Amino acid sequence: MNDEPIVVVGAGIAGLALSAFLSRHGRHVIIFERRSEIGIDGAGIQLTANAVSVIDALGLTAELREKAHTPEGLTVHSGFSGRAIVTLPFGAAYEARFGYPYHVIHRADLGSVLLEACRREGVEIQFEAGFKGAHERPDGRLQIDTETGERTTPLLIGADGVRSKVRNLVSEAQPTFSGRTAYRALIPGDAIRDAAELDLSVWLGPHAHLVAYPVDQGRFLNVVAVVQSDPQSITGNGSGQSIHSAFRRFAKLPSALTAGDHDWTSWPLFTIDPKFPWHKGRIAILGDAAHAMVPFLAQGGGAALEDAAVLAAALLKHDQPAAAFAEFETTRRKRVSKIWYEAQKTGARYHWSGPMATARDIGLRAMGGDRLLNRYSWIYEWRAPEISA
């Protein structure tokens, strides 16, 4: 590879993390972002130990801890009765076991940590520079066309999300609607009685569930209301009244969290099947562009961070892009596919009703938090690879 900058499309979690890794190991990187400012969508994000290991590999542990909240546990409740079914132990016990804490954080705070790391490492970021297309030149380099002009590059990396334009250059994969829509809002922590006592909580009900946890040093609750829906019902913003109607039969606290005049934003949950190719020639994709998943294992952001670390390590190891991209895809596909399908199954179990829901709750209660945590230890035990130039 020559001294021309590697082009990364998208300044989300995957794009920023990958760029920071590459730049701190001597590679020149430029990010093209279509939006006018840092583009970390959504409100809150959960970072499990595997994801935090990537942040640590970037040398950003202190910055993350300063902005994040570390819950003592995840409590699963019955949506209707409100009673706790099981609590997974996080806090000090989780960190002692897996080597890193379980964090929840506002996405904008995570974005700012990664953005500042990129700037310190000399990554060039161009905003309002949407990607339009690319083609290979006779000399083998790529000609990139953006809204701000053209440039050449030895490598093009697409970190531009589920609606990726870069993906269209390497794969026929298209987004598939999951049948669910997530409505997200940030609610002042003192706006709902008893909400200040919440840590990380989920309430399960037929065809809907609710997740809530504190962000921004407890000043806000990140609330995510997930409902089964059809594509025709999706709009850019959610109606508070319609969202509350989906949870009006839930217990007092989850019902109260969906009431009131909150600023809800709808996020239709689309997926990208990870079986499709992630690279072709000098072009590769990662994160949601390659394998967008439903969020029911809290691993979308974690998988993007893992991708960034593994792809950076491969690019710094191999002189030839084809070898680096092949190693990245081979290394990641099995794990990502397992997480992807497990997240699908978890989402289905969340929305069971009748006897199946009763059996689920009895099973969770009998299993207990420690054994339930063991079930997912294969996710949390993953570690970022050592990276050397």
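# A walk through the model

Arg34 touches Glu128, Ala129 and Gly130, leaving out residues up to four places away in sequence. The model is predicted. Arg34 sits in the loop between strand 2 (29-32) and strand 3 (44-47). With a relative accessible area of 58%, Arg34 is exposed, because exposure begins over 50%. Another residue to look at from here is Asp160. Arg34 and Asp160 lie 126 residues apart in sequence, yet their C-alpha atoms are 9.3 Å apart in space.

Turn now to Ser19. This residue belongs to helix 1. Ser19 has a relative accessible area of 0% and is therefore buried, since the cut-off for burial is under 20%. Which residues does Ser19 touch, not counting those up to four places away in sequence? They are Val8, Val29, Ile31, Cys118 and Val123.

Two packed helices are described by the angle between their axes and the distance between the axes. Helix 1 spans residues 13-24 and helix 5 spans residues 107-121. Their axes come within 9 Å and cross at roughly 25 degrees. Angles under 35 degrees count as roughly parallel, so helix 1 and helix 5 are roughly parallel to each other. The crossing of helix 1 past helix 5 is left-handed.

Helix 2 covers residues 49-57 and helix 9 covers residues 300-317. Here the axes come within 8 Å and cross at roughly 40 degrees. How are helix 2 and helix 9 oriented to each other? Their angle is roughly 40 degrees, and helix 2 and helix 9 are therefore oblique. Their crossing is left-handed. Helix 2 contributes Asn50, Ala51, Val54 and Ile55, while helix 9 contributes Gly302, Leu305, Glu306 and Ala309. The contact of helix 2 with helix 9 has five nonpolar residues, two polar and one charged.

Next come the strands. Strands of a sheet pair through backbone hydrogen bonds, either parallel or antiparallel. Strand 4 shows both kinds. Strand 4 pairs with strand 5 (residues 84-89) in the antiparallel sense over five bridges. Within that pairing, Gly73 has Pro89 of strand 5 as its bridge partner. Strand 4 and strand 5 form a hairpin with five residues between the strands. In this hairpin, Gly82 takes a positive phi near 80 degrees. Strand 4 also runs parallel to strand 13 (residues 200-205), and five bridges join them. There, Val76 has Val202 of strand 13 as its bridge partner.

How much of strand 4 is buried? The count is six of its six residues. In a regular strand the side chains alternate between the two faces of the sheet. In strand 4, Gly73, Thr75 and His77 are on one side, Leu74, Val76 and Ser78 are on the other, and both faces are covered.

At 12% relative accessibility, His77 counts as buried. Leaving aside neighbours within four places in sequence, His77 contacts Gly82, Arg83, Ala84 and Ile85, as well as Ser201, Val202, Trp203 and Leu204.

Three strands form it in the order 8-9-10, and the pairing is antiparallel. Which strands stand at the edges? They are strand 8 (131-136) and strand 10 (149-153). Each has a single partner strand, so one side of each is left without a neighbour in the sheet. From one strand to the next, the twist averages 20 degrees. Strand 8 and strand 9 (residues 142-146) run antiparallel and are joined by five bridges. One of the bridge pairs joins Glu136 to Leu142 in strand 9.

Conventions. Residues are numbered from 1 along each chain as its sequence is written. This is a predicted model: local features need pLDDT of at least 70, side-chain atom pairs count only at pLDDT 80 or more; totals for chains, interfaces and linings use all residues. Side-chain values use heavy atoms; hydrogens and water are left out. Axes are lines fitted to C-alpha atoms, for helices over the stretch in contact, and angles run from 0 to 180 degrees between N-to-C directions. Helices (H or I, at least four residues) and strands (E, at least two) are DSSP runs, numbered from the N terminus. Angles under 35 degrees count as roughly parallel, over 145 as roughly antiparallel, 65 to 115 as roughly perpendicular and the rest as oblique. A crossing is left-handed if the near helix is turned anticlockwise from the far one by less than a right angle, and right-handed if clockwise. Buried means under 20% relative accessible area, exposed over 50%, partly exposed in between (1.4 Å probe, protein chains only). Contact means heavy atoms within 4.5 Å. Ala, Val, Leu, Ile, Met, Phe, Trp, Tyr, Cys and Pro count as nonpolar, Asp, Glu, Lys and Arg as charged, and the others, Gly among them, as polar. Two strands pair if DSSP finds at least two bridges between them.
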